[in-house]
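Hello, and thanks for taking a look at this one with me. Here are some numbered notes to read alongside the structure.

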Amino acid sequence: MRLRGENMRKLTRSEWEQLDTQYSVTPALDDTFSATGEHYVLISLLNRLGFYPHSTKEAMSLTEELLARGYDD
C-alpha cells in the first residue's frame, strides 16, 4: 500500500510516538502463525489515524513507511 491523496500527510509527533510504541510490541509476521492481538491493535491505531490497510501484511508495511517518513511538530 502506498500513501496517496489526503493520506500523504506526515504524522504528528504524538501520533508517530503512539505508532512507534505499538509497532515495537507487534511481532513480525514471520514470527507468528497468524495475526495476533497486537496486529489487531496496530490496525485499529492506523484506522484511528485515518489509514485503512486491508490486511495485516499491509498494516505492517504501511506502519514501516509512516515511521520512516518521520513526523511534523
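This is a predicted model: local features need pLDDT of at least 70, side-chain atom pairs count only at pLDDT 80 or more; totals for chains, interfaces and linings use all residues.

1. Ile-43 has a relative accessible area of 17%, and the cut-off for buried is under 20%, so Ile-43 counts as buried. You will find Ile-43 in helix α2.

2. What surrounds Ile-43? If its neighbours within four places in sequence are left aside, Ile-43 is in contact with Pro-53, Ser-55, Thr-56 and Ala-59.

3. Now step back to the whole chain. The protein has three helices and two strands, and along the sequence they follow the pattern β-α-α-α-β. There are 73 residues in the protein, and buried residues make up 34% of them. The accessible surface comes to about 4,700 Å², with 50% of it belonging to carbon and sulfur atoms.

4. A word on how the chain meets itself. Taking the contacts between residues at least 6 apart in sequence, 59% join residues at least 24 apart.

5. Helix α1 deserves a slow look. This helix runs over residues 13-25, which makes 13 residues. From first C-alpha to last, α1 reaches 19 Å, close to the 18 Å expected at 1.5 Å a residue.

6. Which residues of α1 are buried? They are Glu-15, Leu-19 and Gln-22. These three sit on the same side of α1, because they cover an arc of only 65° around the axis. Thr-21 and Ser-24, on the other side of α1, are exposed. The buried residues of the helix pack against β1 (11-12), α2 (37-48) and α3 (56-69).

7. Not counting residues up to four places away in sequence, Leu-19 touches Leu-11, Leu-42, Leu-45, Leu-46, Thr-63, Leu-66 and Leu-67.

8. In soluble globular proteins, nonpolar side chains tend to be buried together. Here the largest nonpolar core has 13 residues, and Leu-11, Leu-19, Leu-46, Phe-51 and Leu-66 are those with the most contacts inside it. The elements that give two or more residues to this core are α2 and α3, and α3 gives the most, with five residues.

9. How many salt bridges does the structure hold? It holds two. In one of them, the side chains of Arg-9 and Glu-15 meet at 2.9 Å, N to O. Glu-15 is buried, with a relative accessible area of 16%, whereas Arg-9 is partly exposed at 32%.

10. Another salt bridge joins the side chains of Arg-13 and Glu-17, at 3.0 Å, N to O. Both residues lie in helix α1, four residues apart, which is about one turn of the helix. Arg-13 counts as partly exposed at 42% relative accessibility, and Glu-17 also counts as partly exposed, at 37%.

11. Leu-19 is buried in α1 and is among the residues with the most contacts inside the largest nonpolar core. Glu-15 is buried in α1 too, and its side chain meets that of Arg-9 in a salt bridge.

Notes. Residues are numbered from 1 along each chain as its sequence is written. Side-chain values use heavy atoms; hydrogens and water are left out. The expected span of a helix is 1.5 Å times one less than its number of residues. Buried means under 20% relative accessible area, exposed over 50%, partly exposed in between (1.4 Å probe, protein chains only). The arc is that of the directions from the helix axis to the C-beta atoms. Contact means heavy atoms within 4.5 Å. A nonpolar core is a set of buried Ala, Val, Leu, Ile, Met, Phe, Trp, Tyr and Cys residues joined through side-chain atoms within 4.5 Å. Accessible areas come from the Shrake-Rupley method with a 1.4 Å probe; for residues, only the protein chains shown count as cover. A salt bridge is a side-chain nitrogen of Lys or Arg within 4 Å of a carboxyl oxygen of Asp or Glu.
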